[in-house]
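The sequence and structure come before the notes.

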Amino acid sequence: MKTIAGAIVLAATLGLPSAAYSQAYPQRAIRVVVSFPPGGSTDFIARVLAQHMPATLGQSLVVDNRGGAAGTIGTDIVAKAAPDGYTLLVTAESPITIAPSIYPKLPYDPTRDTPAITELISYPFVAVVNSAVPVASLKELIALAKAQPGKLRYSHPGVGTAIQLAGELFKMTVGVDVVSVPYKGGGPAMVSVVGNEAQISFPTPPSSLPHVKSGRLKALAQTTSKRSAALPDLPTFAEAGVPGFHVDGWVGLFAPAGTPPRIIERLYGETVKVLRMPEVKEYVLAGGSDISGIPTEEARAKIRREIAMWAKVVKAAGIKVD
């Protein structure tokens, strides 16, 4: 009788709809690999999720910072992790849309090995200049750069970063000769512009706006197609006289390839709940970013478009990493 009863229970269990399994996930803490060091926009939003999602998901999220090599080290860790929903990735665009064109031996394929769950936040890059540079607008900066080819320098956090690519795209779009100067990280790159070692940069709002408010830098334009809610008074490149220039930074949530669709759907749904919380919206906006939470397929399509876009910029600029 016990054998028959056990068989009935097993049959009933096997017949449960996928929704029942979705309710069973997760059963333990989830590791969230952040592919950049603590303190930046990527780490910022990961910790927002870790703070708020346990209340809706029912398990804790443990942030594990694995920075290095423009985010590719942490991304590769997740690409090789078990696809069971217990190892996730929070990363920015560099290791996903830029790295495939930069690194000839990239150990993962981002569209195949780390598919997106959603985009968490987006933000513009801000064209800034040292306060001593005699310009008051983007048009004036372009005119100055054309009048002094090879004299002005723009700083960035290193080869293959989104800020470098934004600078190269700017040079190509407006036809100026501005010297690329790499630094070891966003902090040193920002310090170089504040100290007039370099005259121009394209940083994120959190790293640049304090210096703009203090008067040490001038903000000329933002790179997104429409004004960010965090920067309502700063014109876009199109509004500042450079139509067709559009770059946005973002941070997304990813899972290893093969993660069951029911888990992806659950994670997407719970993530969007967090992003829609009024206190989260307010906190993200104060940090200089906009809430995203776009659907999974939309996020994946955007990544494919950006991979193609950056491949053209990398090739035209001759950027290489051995």
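A residue counts as buried when its relative accessible area is under 20%. Phe-254 has a relative accessible area of 1%, so Phe-254 is buried. The model is predicted. A search of the whole structure finds one cavity of 30 Å³ or more, and the structure holds eight aromatic pairs.

**Cavity**

- The largest cavity holds about 50 Å³ of space.
- Its lining is made up of Ala-116, Thr-118, Glu-119, Trp-250, Gly-252, Phe-254, Ala-299, Lys-302 and Ile-303.
- Two or more lining residues come from each of β4 (116-124), β10 (248-254) and α14 (296-317).
- By class, the lining of the largest cavity has five nonpolar, two polar and two charged residues.

**Aromatic residues at the cavity**

- Trp-250 and Phe-254 both belong to the lining of the largest cavity.
- The rings of Trp-250 and Phe-254 form a tilted aromatic pair, with 6.3 Å from centre to centre and 40° between the planes.
- Trp-250 has a relative accessible area of 3% and is therefore buried, as is Phe-254 at 1%.

**Other ring contacts**

- Tyr-123 and Phe-125 form an edge-to-face pair, because their ring centres are 6.0 Å apart and their planes stand at 85°; the cut-off for edge-to-face is over 60 degrees.
- Tyr-123 is buried at a relative accessible area of 6%, and Phe-125 is buried at 2%.
- Tyr-154, Phe-170, Phe-202, Phe-237 and Phe-245 are linked by ring pairs into a cluster.
- Arg-28 places its charged end over the ring of Tyr-86, at 3.8 Å from the ring centre.

**Thr-236**

- Thr-236 lies in the loop between β9 (217-222) and β10.
- Apart from neighbours within four places in sequence, Thr-236 is in contact with Ala-221, Gln-222, Thr-224, Ser-225, Lys-226 and Arg-227.

**Points to check in the view**

- Which residue has its charged end over the ring of Tyr-86? That residue is Arg-28.

Notes:
Residues are numbered from 1 along each chain as its sequence is written. This is a predicted model: local features need pLDDT of at least 70, side-chain atom pairs count only at pLDDT 80 or more; totals for chains, interfaces and linings use all residues. Side-chain values use heavy atoms; hydrogens and water are left out. On a 1 Å grid over the protein atoms alone, a cavity is a set of points where a 1.4 Å probe fits but cannot get out, and a pocket is an open set with protein on both sides within 12 Å along at least five of seven lines; lining residues have an atom within 4 Å of a point. Grid points are joined across faces, edges and corners, and a volume is the space filled by probe spheres set on the points. Helices (H or I, at least four residues) and strands (E, at least two) are DSSP runs, numbered from the N terminus. Ala, Val, Leu, Ile, Met, Phe, Trp, Tyr, Cys and Pro count as nonpolar, Asp, Glu, Lys and Arg as charged, and the others, Gly among them, as polar. Contact means heavy atoms within 4.5 Å. Rings of Phe, Tyr and Trp (its six-membered ring) pair if their centres lie within 6.5 Å; planes under 30 degrees apart count as stacked, over 60 as edge-to-face and the rest as tilted. Buried means under 20% relative accessible area, exposed over 50%, partly exposed in between (1.4 Å probe, protein chains only). A charge sits over a ring if NZ of Lys or CZ of Arg is within 6 Å of the ring centre and within 35 degrees of the ring normal.
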